[in-house]
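Visitor: Could you walk me through this one? I'd like the fold, then the details.

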Amino acid sequence: MQVRLFGTLRLFAGAKALEVETEPGDTVRSLLGKVTTQCPTVGEKLLDEEGRLRNSVHVIVNGRSIRYLDRLDTPIEESDRVALFPAVGGG
């Protein structure tokens, strides 16, 4: 599965996307664990020390925020489109 990265997450990964192998039964939580293993500098920006999604990160699955789905327990499939966005600030 291709996980698209945006904003500063691209800088930490050195790429616009990561290729991550998924398995039947995977969830957003397990996918983020695989992203963390594959690219620890991105992983530390996604999850806090207790494994919770940081408030400053938005995970989008097929165009919908996981905040309106099952959060980290949202099931994913190989054909899904997943994007990771850091919060954007400015003035």
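Guide: We'll take confidence, fold, strands and a few single residues in turn.

Visitor: What kind of model is this, and how are residues numbered?

Guide: This is a predicted model, where local features need pLDDT of at least 70, side-chain atom pairs count only at pLDDT 80 or more, and totals for chains, interfaces and linings use all residues. Residues are numbered from 1 along each chain as its sequence is written, and side-chain values use heavy atoms, with hydrogens and water left out.

Visitor: What's the mean pLDDT of the chain?

Guide: The mean is 94, and 97% of the residues reach 70 or more. pLDDT is the predictor's confidence in each residue, from 0 to 100.

Visitor: Where is confidence lowest, and where highest?

Guide: Lowest in helix α3 (residues 40–46), at a mean of 94. Highest in β1, at 98.

Visitor: OK, the fold. How many helices and strands?

Guide: Three helices and five strands. From the N terminus the elements run β-α-β-α-α-β-β-β. Helices (H or I, at least four residues) and strands (E, at least two) are DSSP runs, numbered from the N terminus.

Visitor: What's the strand order in the sheet?

Guide: β2-β1-β5-β3-β4. The sheet is open, with mixed pairing. Its edge strands are β2 (17–19) and β4 (64–65), each pairing on one side only. Two strands pair if DSSP finds at least two bridges between them.

Visitor: Which way do β1 and β5 run, parallel or antiparallel?

Guide: Parallel, joined by three bridges. Arg-4 has Ala-83 in β5 as its bridge partner, and Leu-5 stands opposite Leu-84 in β5.

Visitor: And β1 with β2, parallel or antiparallel?

Guide: Antiparallel, again through three bridges. Val-3 has Leu-18 in β2 as its bridge partner.

Visitor: How many bridges between β3 and β5?

Guide: Five, and those strands run antiparallel. β3 covers residues 57–61. In β5, Val-82 is the bridge partner of Val-61, and Phe-85 is the bridge partner of His-58.

Visitor: Back to β1. Which side chains are buried there?

Guide: Val-3 and Leu-5, which point to one face. Buried means under 20% relative accessible area, exposed over 50%, partly exposed in between (1.4 Å probe, protein chains only).

Visitor: How many residues of β5 are buried?

Guide: Four of the five, so β5 is largely enclosed by the rest of the structure. Phe-85 counts as partly exposed, because its relative accessibility is 30%.

Visitor: What else is Phe-6 in contact with?

Guide: Leaving aside neighbours within four places in sequence, Phe-6 is in contact with Ala-83, Leu-84, Phe-85 and Pro-86. Contact means heavy atoms within 4.5 Å.

Visitor: Switching to backbone angles. Which phi does Asn-62 have, positive or negative?

Guide: Positive, about 50°, although Asn-62 is not a glycine. Asn-62 sits in the loop between β3 and β4. Asn-62 is partly exposed, because its relative accessible area is 33%. Arg-71 also has a positive phi of about 50° and is not a glycine. Arg-71 lies in the loop between β4 and β5.

Visitor: Last topic, the overall dimensions. What does the C-alpha trace span?

Guide: About 40 × 25 × 25 Å along its principal axes.

Visitor: How much of the chain is buried?

Guide: Of the 91 residues, 38% count as buried. Among contacts with a separation of 6 or more, 47% come from residues 24 or more positions apart.
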